[in-house]
Amino acid sequence: MLATLWIVLRAVHFFAVLLLTGSAFYTALLAPRGYRPRLAQRLNTIMVGAVALSAISAVLMLSAQSGLMSGDWRNIGDITTWLAVLSTRWGHVWCAVICAALLSMLAWRWHGVRRQRLLLLTGLIQLILMAGVGHAAMREGWLGWLQQSNHALHLIGVAFWGGGLFPVLLLMREARQIAFRADAIRAMMRFSRYGHLAVALVLLTGIVNGVLIAGSPLHWQRPLWSLLLWIKVLLVGVMVAVALVNRYLLVPRFHLAGGRAAQLFIRFTQCELLLAIIVVVLVSVLATLSPA
């Protein structure tokens with residue numbers, strides 16, 4: 001039961017941080033300066049929810065980890081067990097994650113660009129810290145530093161790409177309004193331009209991650225771990241294909257009458273977002289399994 005709870009909490013936390021960071025990329029950097037306040041207002045509800053979910057799930061994960069490490073679910077509320085967990089490497093890193101999540105809540109004391117930049121910063125900090133736990137932290141020394149740095153870049157690329165899909169759907173609605181059409185399109189084009197780099201970064205660092213964690217695919221020994229990883233690879237491949245269709249097949253046809261291409265673009269983006277959620281769940285399951 002606790003193992004299942006851990007997977008659910010990890011998936012919720014990961015997705016919340018991705019959504020927060022992906023949205024903050026727009027409101028702090030991608031959107032035209034004059035349009036950023038408007039976009040921040042439109043994304044406010046989803047960003048508030050992401051901040052709250054990331055903080056709550058981070059604390060609950062610490063509690064669940066206390067039960068898992070002690071082997072007794074009744075210890076999830078025991079302070080002594082909590083302190084023992086916090087004394088571990090995982091505990092040190094996760095304490096920093098919780099602090100970053102709480103700092104993102106304090107960002108709402110500010111307004112305008114300061115708030116958006118702080119939300120982006122705290123989201124990136126959480127992603128970088130998350131690279132310090134799990135399979136990415138299996139090595140010490142320079143190789144361990146390389147593996148964690150690679151994984152941090154992987155998570156940042158995922159946040160830009162996957163976390164930025166929901167704002168794309170909102171911007172498509174904004175583009176229907178004459179007053180905001182130009183700014184919304186410019187924000188989406190910037191996302192598309194840098195999204196190419198993000199996707200390449202995700203694929204490259206993902207390959208390096210797989211090799212560093214489990215070696216060559218020819219030497220993967222755990223059938224379940226290998227199967228889930230290949231499913232993840234397949235889903236990411238489908239996401240890449242959908243993104244390419246959107247960018248190079250549908251976007252050039254937006255100017256045609258009828259709006260059919262725009263509607264397909266929205267549906268494909270929704271599918272891409274759904275696939276991203278499934279991948280997050282798969283990654284959360286993989287994190288509980290041993291690849292060797």
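Modeller: Searching the whole of this predicted model turns up zero disulfides. C95 is accordingly in no disulfide, and the nearest cysteine sulfur, which belongs to C99, is 4.5 Å away; a pair of sulfur atoms would have to lie within 2.5 Å to be counted as a disulfide. C95 is classed as partly exposed because its relative accessibility is 36%, and C271 is likewise given as partly exposed, with a relative accessible area of 42%.

Turning to the pockets, the largest pocket has a volume of about 1,300 Å³. It is lined by 49 residues, of which H151, H154, N209, K232 and V283 are the closest to its centre. The helices that each supply at least two residues of this lining are helix 1 (2–30), helix 3 (44–70), helix 5 (89–106), helix 7, helix 9, helix 10 (223–250) and helix 11 (260–286). Sorted by class, the lining of the largest pocket comprises 32 nonpolar, 14 polar and three charged residues.

The second largest pocket has a volume of about 740 Å³, and among the 30 residues that line it, those closest to its centre are M172, M188, V251, F254 and F265. Here the helices that each supply at least two lining residues are helix 8 (165–174), helix 9, helix 10 and helix 11, with helix 9 giving the most, at nine residues. The lining of the second largest pocket divides by class into 19 nonpolar, seven polar and four charged residues.

Helix 7 (residues 141–161) and helix 9 (residues 178–214) pack at an angle of about 145°, and their axes are 8 Å apart. The crossing in which helix 7 passes helix 9 is left-handed, and the residues of this contact comprise 14 nonpolar and nine polar ones, with no charged residue.

D183 has its place in helix 9 and is partly exposed, because its relative accessible area is 23% and the buried class requires a value under 20%. Between the C-alpha atoms of D183 and L250, which are 67 residues apart along the chain, the separation is 20 Å. L103 is found in helix 5, where a relative accessibility of 34% makes it count as partly exposed; its C-alpha atom and that of V51, 52 residues apart along the chain, are separated by 9.6 Å. Q41, whose place is in helix 2 (residues 36–42), counts as exposed because its relative accessibility is 58%, and exposed requires a value over 50%.

Terms used. Residues are numbered from 1 along each chain as its sequence is written. This is a predicted model: local features need pLDDT of at least 70, side-chain atom pairs count only at pLDDT 80 or more; totals for chains, interfaces and linings use all residues. Side-chain values use heavy atoms; hydrogens and water are left out. Axes are lines fitted to C-alpha atoms, for helices over the stretch in contact, and angles run from 0 to 180 degrees between N-to-C directions. Helices (H or I, at least four residues) and strands (E, at least two) are DSSP runs, numbered from the N terminus. A crossing is left-handed if the near helix is turned anticlockwise from the far one by less than a right angle, and right-handed if clockwise. Ala, Val, Leu, Ile, Met, Phe, Trp, Tyr, Cys and Pro count as nonpolar, Asp, Glu, Lys and Arg as charged, and the others, Gly among them, as polar. Buried means under 20% relative accessible area, exposed over 50%, partly exposed in between (1.4 Å probe, protein chains only). On a 1 Å grid over the protein atoms alone, a cavity is a set of points where a 1.4 Å probe fits but cannot get out, and a pocket is an open set with protein on both sides within 12 Å along at least five of seven lines; lining residues have an atom within 4 Å of a point. Grid points are joined across faces, edges and corners, and a volume is the space filled by probe spheres set on the points.
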